[in-house]
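Dear colleague,

I am handing over the structure below, which you have not worked with before. Please look it over first, and then read the notes that follow.

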2 protein chains.
Amino acid sequence: MIKYPNGGSFSPTSKKSKPHKHIASAANRGMSFEDAINQSNEFYLERDIAVITKRPTPINVVKVDYSHGAKITHAYFEKQSTTDYNGVYKGRYLDFEAKSSKNPTSFPLNNITPHQIKHLERVLKHGGIAFFLIELTSLHEVYYLSAEYVINFYHHAKRKSIPIKDIKKSGYLIKPTLLPRYHYLAVVDKLL
Amino acid sequence: MIKYPNGGSFSPTSKKSKPHKHIASAANRGMSFEDAINQSNEFYLERDIAVITKRPTPINVVKVDYSHGAKITHAYFEKQSTTDYNGVYKGRYLDFEAKSSKNPTSFPLNNITPHQIKHLERVLKHGGIAFFLIELTSLHEVYYLSAEYVINFYHHAKRKSIPIKDIKKSGYLIKPTLLPRYHYLAVVDKLL
């Protein structure tokens with residue numbers, strides 16, 4: 001397993017986004033993007049549509065105090081070397097990463113680690129379904145973008161960010177609904 | 001997502017097994033069962049056979065000190081509400097739990113939570129491949145036991161532990177090799 005140094009100089013986006021102020025977008029009505037995805041997955045689970053779960057944030061535990069149960073007193077966040085979500089839908093393996101971007105013109109690829117690209121390449125090679133869900137907060141829009149597209153852009157494009165016009169052209173807009181908040185499996189169905 | 005109370009009165013097996021003394025068995029030559037599974041998965045990954053990863057242990061973070069990077073100063077282990085491992089093999093979704101038991105006559109089902117049973121039922125319903133890898137440390141043996149078998153036993157058997165003779169009859173012995181330590185995908189191949 002790939003281990004990152006425990007510099008303690010970073011915390012993963014998913015954890016970082018919570019304590020900080022969240023600019024409520026019309027698209028998610030105050031719900032964080034992560035919460036919206038989790039709510040959608042919960043809906044899929046309860047309706048027996050799919051089993052898709054969020055991988056817990058990996059944490060490097062340095063010290064545990066066993067004097068009162070098991071209290072962790074020293075630990076660091078680690079970077080996810082894979083993606084945040086995976087699961088099973090219609091027998092198929094499904095794997096995706098959800099990312100928010102405030103950038104009004106493009107989606108910066110430094111949001112994605114080389115390990116995540118490598119992981120998604122492997123998933124595709126083994127016949128899995130892989131994609132990104134990208135929230136463009138400035139537009140209040142969420143897009144499904146295939147991992148193939150992102151990987152290809154990552155390796156071959158000269159620029160280090162995907163222009164929003166390209167996301168609009170090559171991705172699929174997912175309009176928010178009450179339940180599930182983002183029905184991304186509708187796009188998976190379309191592409192299967 | 002199912003949340004457990006942060007009683008702090010437990011720590012998951014995977015974490016617990018590390019600080020404590022581990023009785024080295026001939027089968028794994030001093031390597032913990034978890035490490036042996038991880039090594040096998042690493043082998044599958046490097047040889048481009050499958051992408052199977054361990055879900056990080058979920059940790060409930062109570063307090064983070066941001067004065068020197070992001071140091072977690074107060075947190076608790078949570079119980080995994082799913083299984084420890086999942087991934088993709090030949091396009092199929094694969095999901096399993098690895099458990100060690102020192103019991104010389106049977107495998108106690110209290111090793112498995114109701115949430116894990118429910119999760120595995122759902123995985124099977126959606127066409128995934130689901131199973132248990134059970135290390136019987138007293139015998140120095142590792143068995144592949146289908147989730148179907150365990151779920152059926154869990155719901156219908158009167159006793160609360162699976163006799164070892166039944167595991168031997170209904171499971172598949174996985175002999176240790178150098179690389180991968182436990183070639184459990186050979187059993188998956190046989191059953192596919």
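**How the two chains are related**

In this predicted model, chain B can be laid on chain A by a turn of 180 degrees and a shift of 0.0 Å along the axis, with an RMSD of 0.0 Å. This is the relation of a two-fold axis. The same surface serves both copies, in that 100% of the contact residues of chain B recur in chain A.

**Two helices that pack in chain A**

Within chain A, helix α3 (residues 114-125) packs on helix α4 (residues 147-156) at an angle of about 130 degrees, and their axes are 10 Å apart. On the side of α3(A), the residues that make the contact are Pro114(A), Ile117(A), Leu120(A), Glu121(A) and Leu124(A), while α4(A) contributes Ala147(A), Glu148(A), Val150(A), Ile151(A), Tyr154(A) and His155(A). Sorted by class, the residues of this contact of α3(A) with α4(A) are eight nonpolar, one polar and two charged.

**The corresponding helices in chain B**

In chain B, the axes of helix α3 (residues 114-125) and helix α4 (residues 147-156) come within 10 Å and cross at roughly 130 degrees, and α3(B) and α4(B) are therefore oblique to each other. Here α3(B) passes α4(B) in a left-handed crossing. The contact draws on Pro114(B), Ile117(B), Leu120(B), Glu121(B) and Leu124(B) from α3(B), together with Ala147(B), Glu148(B), Val150(B), Ile151(B), Tyr154(B) and His155(B) from α4(B). In the contact of α3(B) with α4(B), eight residues are nonpolar, one is polar and two are charged.

**Aromatic pairs**

Over all chains, the structure holds 21 aromatic pairs. One of them is formed by Phe33(A) and Tyr182(A), whose rings are 5.8 Å apart from centre to centre, with 70 degrees between the planes, and this pair is edge-to-face. Where do the two residues of this pair lie in the chain? Phe33(A) belongs to helix α2 (residues 33-46) of chain A, whereas Tyr182(A) is in the loop between β10 (172-173) and α6 (185-191) of chain A, so that the pair links distant parts of the chain, 149 residues apart.

Technical notes
Residues numbered from 1 in each chain as written. Chains lettered and ligands numbered in written order. Predicted model: local features only at pLDDT ≥ 70, side-chain atom pairs only at ≥ 80, totals over all residues. Heavy atoms only, no water. Least-squares fit on C-alpha atoms with pLDDT ≥ 70 in both. Contact = heavy atoms within 4.5 Å. Axes fitted to C-alpha atoms, helices over the stretch in contact; angles between N-to-C directions. Helix = DSSP H or I, 4+ residues; strand = E, 2+ residues; numbered from the N terminus. Parallel < 35°, antiparallel > 145°, perpendicular 65-115°, else oblique. Left-handed = near helix turned anticlockwise from the far one by under 90°. Nonpolar A, V, L, I, M, F, W, Y, C, P; charged D, E, K, R; others polar. Phe/Tyr/Trp six-rings, centres within 6.5 Å; stacked < 30°, edge-to-face > 60°.
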